[in-house]
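Let's take a walk through a protein together.

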Amino acid sequence: MDLGVRWKLHGDGRTPAPGAVVRPDERLSWPRTVGLGAQHVVAMFGASFVAPVLMGLDPNLAIMMSGVATVIFLLATKGRVPSYLGCSLSFVGVAAVIRAQGGTSATVTGAVFVVGVVLFLVGVAVQKFGARIIHATMPPIVTGAVVMLIGFNLAPVTASVYWPQDQWTALLVMLFTGLAVVCLRGFWSRVAIFLGLLFGYGISWLFDRVFGKIHSVDGGGHMSDHWRLDLSGVGKADWLGLPTFHGPSFQWSAILVALPVVIALVAENAGHVKAVGEMTGSNLDDKLGTAISADGVGSMLSTAVGGPPNTTYSENIGVMAATRVYSTAAYWAAAGFALLFGLCPKFGAIVAAIPGGVLGGITVILYGMIGLLGAQIWVRSKVDLSNPLNLVPAAAGIIIGIGNVTLKFSDTFSLSGIALGTLVVITGYHALRALAPAHLKTQEPLLDEGTSSYDEDTSDGKPRTP
């Protein structure tokens, strides 16, 4: 059985020829491949260890399970789709809502485990029927609106939790990160979040030395005098040890909050598979369903032991575009590094010590970028927002999501925020489309431009029909 773990040496194994690319089934020399793997780890670090911190989960376990999920993904796609699976930021808002309702870490991971199951089933359906089933239920107006409300629903978390802990550090980190994203080039722009975190650590340490303790709310929400950067836990942490594991707990209210994120994950996977296919010059249409299912399995395994869910990372796709090295051997090396980092509690203690003000500056940009990815879907798919069939359900759902509007059914069951907003967008769009006059029912573009070939061609050349 071909599992995609054999690679041909590219050229002399040193440097690709001008204009040449290192294909997924090729590799450079092993030292260079390991170095590229380390570079991929750095690229995913910024978001992959911020996300579990924001979700209240163990960052050591998150990094470790991202390595495990990447291995599962590479085996499932037989080495044809080079991608790294890191912690998904799409679930940060979900975790915040669940915890605000009294949920624990087990409740969060239980809800997300169910999302992984649904994502796996979506992938199986795409393998069997083709991507047209996705486009039929989730056209661009729906997908964009859901991604947007997921991101913008997080705004109160930044405004009320992180920013007040140290507003001036937050402001400086926001400005530095924004400059890094815009002004840096190539690989460095891809790790701008990571650079922003390093800058925030440095500024917090400097302010502590110059101004002393800050009087503000701490991470627990209590007003007190405290150091901005408290590294006392780092000295106490061991160099080697297992991360903290826990089992999931399932509650319907939490599951309903988390389920809408499936839409964002499907959109991410479709876009990333298409992007990798274009960069490598390979037709990866037949691997879309496999990629989605593998993402689901990786998330299920991670959340089953207390870790966060995973998704394919655009940061690492950007590294491939910059280096023109698409070897999956580099991703195996990256997964190995991630597993080793997961076994270092001292690393987790450093991550846990990220000052609240630093997170405030980072999340202002990060959460906004997540939300605006929804607008990007609309722009790329040329969604007509002058059409009331598109405008009305999207407008209603986004306001419900951002404002965290609640619909109460009983004393024990209600829908609010992300869950209610997504439900309004999906059901509202399809209900209105069924009732709308013919001139408003213009043909919707596909979820991701160019993915129509997912339905037209497969590896065996036979068309798929839903």
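This is a predicted model: local features need pLDDT of at least 70, side-chain atom pairs count only at pLDDT 80 or more; totals for chains, interfaces and linings use all residues.

Residues are numbered from 1 along each chain as its sequence is written, and side-chain values use heavy atoms, with hydrogens and water left out.

Let's start inside. In soluble globular proteins, nonpolar side chains tend to be buried together. Here, "buried" means under 20% relative accessible area, "exposed" means over 50%, and "partly exposed" is in between (1.4 Å probe, protein chains only). A nonpolar core is then a set of buried Ala, Val, Leu, Ile, Met, Phe, Trp, Tyr and Cys residues joined through side-chain atoms within 4.5 Å. The largest one in this model has 98 residues, and the members that touch the most others are Phe49, Met55, Val266, Ile292, Ile354, Tyr367 and Trp378. Helix H13 (residues 261-280) gives this core its largest share, ten residues. Helices here are DSSP runs (H or I, at least four residues), strands are runs of E (at least two), and both are numbered from the N terminus.

Zoom in on Ile354. If you skip its neighbours within four places in sequence, Ile354 is in contact (heavy atoms within 4.5 Å) with Phe49, Leu197, Tyr201 and Leu359. There's also a second, separate core of five residues, including Leu28 and Val325.

Now find Thr311 in strand S6 (residues 310-312). Is Thr311 buried or exposed? Thr311 counts as buried, because its relative accessibility is 3%. Leaving out neighbours within four places in sequence, its contacts include Tyr84, Leu265 and Asp295.

On to charges. Side chains of opposite charge can pair when their charged atoms come close. We call it a salt bridge when a side-chain nitrogen of Lys or Arg is within 4 Å of a carboxyl oxygen of Asp or Glu, and the count by this rule is four. Take Asp286 and Arg80, whose closest N and O atoms are 3.0 Å apart. Asp286 lies in the loop between H13 and helix H14 (288-304) and Arg80 in the loop between helix H2 (59-76) and strand S3 (85-87), so this pair ties together parts that are 206 residues apart in sequence. Asp286 is buried, at 14%, while Arg80 is partly exposed, at 30%.

Another salt bridge joins Asp166 and Arg228, with the closest N and O atoms 3.2 Å apart. Both Asp166 and Arg228 are buried. Through shared partners, salt bridges join Asp166, Asp208 and Arg228 into one network.

What about the cysteines? A disulfide is a pair of cysteine sulfur atoms within 2.5 Å, and a search of the whole structure finds zero. Cys87 is buried at 1%, whereas Cys183 is partly exposed at 49%.

Together with Trp239, Leu240, Phe245 and Leu343, Leu242 makes a nonpolar surface patch of about 610 Å². Such a patch joins nonpolar side chains (Val, Leu, Ile, Met, Phe, Trp, Tyr) within 5 Å, from residues with over 30% relative accessible area and no salt bridge; the areas come from the Shrake-Rupley method with a 1.4 Å probe, and for residues only the protein chains shown count as cover.

Methods: Patches are made of residues with over 30% relative accessible area and no salt bridge: like charges are joined within 9 Å, nonpolar side chains (Val, Leu, Ile, Met, Phe, Trp, Tyr) within 5 Å.
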